[in-house]
Amino acid sequence: MPGRPLLAVLGWLATAVAALLIGLAAIRLVGESISGTPGGVRSQEEVRRALAATPFGAGTTPPAAGPTPPGVAVTSAAGARRGLATTGGTAVAECGPSGVRLVSWAPAQGYRVRDVDRGPDEHVEVRFAGPAGEDELRVVCVGSPPVPQRRH
């Protein structure tokens with residue numbers, strides 16, 4: 001009976017090799033979609049052309065949105081949607097025919113959302129509470145892009 005352990009080891013090795021080959025064949029069939037970049041890698045020239053085709057690409061500047069309160073970072077996007085950030089968290093707002101509306105919001109690490117008025121309305125706000133106290137982000141529409149507003 002000394003042949004049984006040898007037969008078991010050979011059977012295990014054959015199974016392992018078969019599983020490996022089946023796995024490699026499956027990855028080959030799926031192709032780049034598992035680990036590759038969707039749409040492939042772009043050249044520098046393709047990136048330049050794509051950036052030049054955007055509304056705020058080379059040679060243009062985004063519209064002025066008025067003064068930004070201290071502690072609020074603004075990132076502009078095409079259209080009437082804009083990302084805003086404070087110490088307490090971030091929010092995305094958009095202007096529409098019925099006023100401003102909060103699309104999404106997220107507290108920063110160590111903060112939590114205390115209260116949200118998502119709109120649509122004349123103004124919307126989100127309050128974050130954290131170790132440094134409360135941080136409120138109030139947003140209004142001035143023209144088309146949403147802008148942060150100071151509370152008086």
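Start with strand β2, residues 81–85: five bridges join β2 to β3, and the two strands run antiparallel. This is a predicted model. Opposite G83 stands V92 in β3. Then follow the chain from β2 into β3: the link is a hairpin of three residues.

**Step back to the whole chain**

Colour by secondary structure. There are two helices and eight strands. Of the 152 residues, 21% count as buried. For contacts with a separation of 6 or more, residues 24 or more positions apart account for 24%.

**Strands β3 and β4**

Return to β3 and move on to its pairing with β4. Eight bridges hold β3 and β4 together in the antiparallel sense. Select A91. The bridge partner of A91 is W105 in β4. Now look at the connection. β3 and β4 form a hairpin with two residues between them.

Continue past β4, residues 99–107, and select Y111, which lies in the loop between β4 and β5. Is Y111 buried or exposed? Y111 is buried, because its relative accessible area is 14%, under the 20% cut-off for buried.

Show what surrounds Y111. Beyond its neighbours within four places in sequence, Y111 is in contact with T87, G88, F128, A129, G130, P131, A132 and G133. Pick F128 from that set. Y111 and F128 are 17 residues apart in sequence, and their C-alpha atoms are 6.2 Å apart in space.

**The four-stranded sheet**

Select β5 to β8 together. They make an open sheet in the order β5-β6-β7-β8, with antiparallel pairing. The edges are β5 (112–117) and β8 (146–149), each of which pairs on one side only. Neighbouring strands are turned by 25° against each other on average, direction ignored.

**Between β5 and β6**

Go to P120, in the loop that connects β5 with β6. Display the backbone here. The peptide bond from G119 to P120 is cis, with omega near 5°.

Next, select E125 in strand β6, residues 123–130. E125 is buried, since its relative accessible area is 10%. Show its side chain together with that of R127. A polar contact of 3.0 Å joins the side chains of E125 and R127.

**Across from β6 to β7**

At the turn, β6 and β7 form a hairpin with two residues between them.

**Across from β7 to β8**

Strand β7 covers residues 133–141, and four bridges join it to β8 in an antiparallel run. V139 stands opposite P148 in β8. R138 has Q149 as its bridge partner in β8.

Then select the turn. β7 and β8 form a hairpin with four residues between them. Within that turn, G143 has a positive phi of about 75°.

**Last stop: the disulfide**

Show the cysteine side chains. How many disulfides are there? The count comes to one disulfide. It joins C95 to C141, with an S to S distance of 1.9 Å. The pair links distant parts of the chain: C95 is in strand β3 (residues 89–96), C141 is in strand β7, and the two are 46 residues apart.

Zoom in on the S-S bond. Which hand does the disulfide have? The torsion about the S-S bond of C95 and C141 is about -115°, so the disulfide is left-handed.

Finally, compare the two ends. C95 is buried, with a relative accessible area of 16%. C141 is partly exposed, at 27%. The 20% cut-off for buried lies behind these two labels.

Technical notes
Residues numbered from 1 in each chain as written. Predicted model: local features only at pLDDT ≥ 70, side-chain atom pairs only at ≥ 80, totals over all residues. Heavy atoms only, no water. Pairing = 2+ DSSP bridges. Axes fitted to C-alpha atoms, helices over the stretch in contact; angles between N-to-C directions. Disulfide = S-S within 2.5 Å. Buried < 20%, exposed > 50% of the residue type's maximum accessible area, 1.4 Å probe, protein only. Contact = heavy atoms within 4.5 Å. Polar contact = N/O pair within 3.5 Å; in protein donor to acceptor, adjacent residues only side chain to side chain.
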